[in-house]
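Welcome! Please have a look at the structure first.

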Amino acid sequence: MKNQSHSVSVIIPNKDTPPGLLTRAINSALNQTYSVSEIIIIDDASSIPFSGVQNQYPKENIKWVVQNKKTGVASARNLGVDASSSHYVSFLDSDDYWDKDKLEKQVANMCSAKCRWSYVSAVMVDDKSNPIDTMLASNSGYIYKDLLKEMVITGSSSSVTMEKSFFNELGGFEECSEIIEDWDLWLRASKLERVCAISSTFSYINSYSPFSRSANIKSKIARLSYFQNKYKSDYKKNKIFFYTKSYFFFKLARLHLIKGNYFATVYYFIVSLVFQPKLYINKGYVPVIKKTFYVVRGRFLRKFNPRIK
């Protein structure tokens, strides 16, 4: 039995997640080398039945909170934290999963460094769990300005563990569908406390889920716009307004690239370059841009000359 001061509750919001993915998420929490005190799954009025998943864990320390009316992922996470009884809360999206030693390394690092929150590295995977991209956790300490510039919390929610008391001090996730609620919470946290970045263990992020809000480009644009307007004064105060604008359009370009909208990808790449060319040079995105232009050029040529393959 773990000391109660180091106990961990895992918070899993669920909304229409395929049973196989939800089971994978639950198993990755149960199979941790650092035993979790409880797993709290908050179902946000799913239309996909999940009773089969519930029946797989009749004796496990799992709490199911079922909502009949959709309230959104931020509200679901907040409800899960309210229902938790541990010192730490660790967030895991229902289509993501963890390395077995993820919580063990997080708790050990947070205790030794006396950090109230931490995050780990992340691997973006496709719908077959094949790795697409790896992002190492590297920004630690007081990272407010870094977070203003871009989302440096790799894996975002599924990588973060936080003291429940600190979460409550922050007021939890903002329950507004128009904002990027996890980035917003990390910004508020980074203003007050240092963060531990743990690069040696990973969360695995399902980047191609059709159930994710990120799969909806219009929704993503609206949320990014709202977010940037909320922190506009801080951007100007820290003299990073144009950098963040460039990053905003780069994110849009990447979204369109994933969707296969190559002409929109090129357009937003160009707009992003106008605002801040150094973003691409510093981040090594030049090869990405070249590849995109070649793809678009090929599509354009094939459209007007079908003989070109």
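A charge sits over a ring if NZ of Lys or CZ of Arg is within 6 Å of the ring centre and within 35 degrees of the ring normal. This is a predicted model, where local features need pLDDT of at least 70, side-chain atom pairs count only at pLDDT 80 or more, and totals for chains, interfaces and linings use all residues. Residues are numbered from 1 along each chain as its sequence is written, and side-chain values use heavy atoms, with hydrogens and water left out.

**Exercise 1.** Find which ring face Lys 149 lies over.

Solution. Next, go to Lys 102, which lies over the face of Trp 98, 4.0 Å from the ring centre.

**Exercise 2.** Describe the aromatic pair of Phe 50 and Trp 64.

Solution. First, the rule: rings of Phe, Tyr and Trp (its six-membered ring) pair if their centres lie within 6.5 Å; planes under 30 degrees apart count as stacked, over 60 as edge-to-face and the rest as tilted. The whole structure holds twelve aromatic pairs. In one of them, Phe 50 and Trp 64 are stacked, 5.6 Å centre to centre with 10° between the planes.

Then compare accessibility, where buried means under 20% relative accessible area, exposed over 50%, and partly exposed in between (1.4 Å probe, protein chains only). Phe 50 is buried because its relative accessibility is 13%, whereas Trp 64, at 21%, is partly exposed.

**Exercise 3.** Which residues do ring pairs link into a cluster with Phe 91?

Solution. Look for Trp 117, Phe 167, Phe 173 and Trp 186, which ring pairs join with Phe 91.
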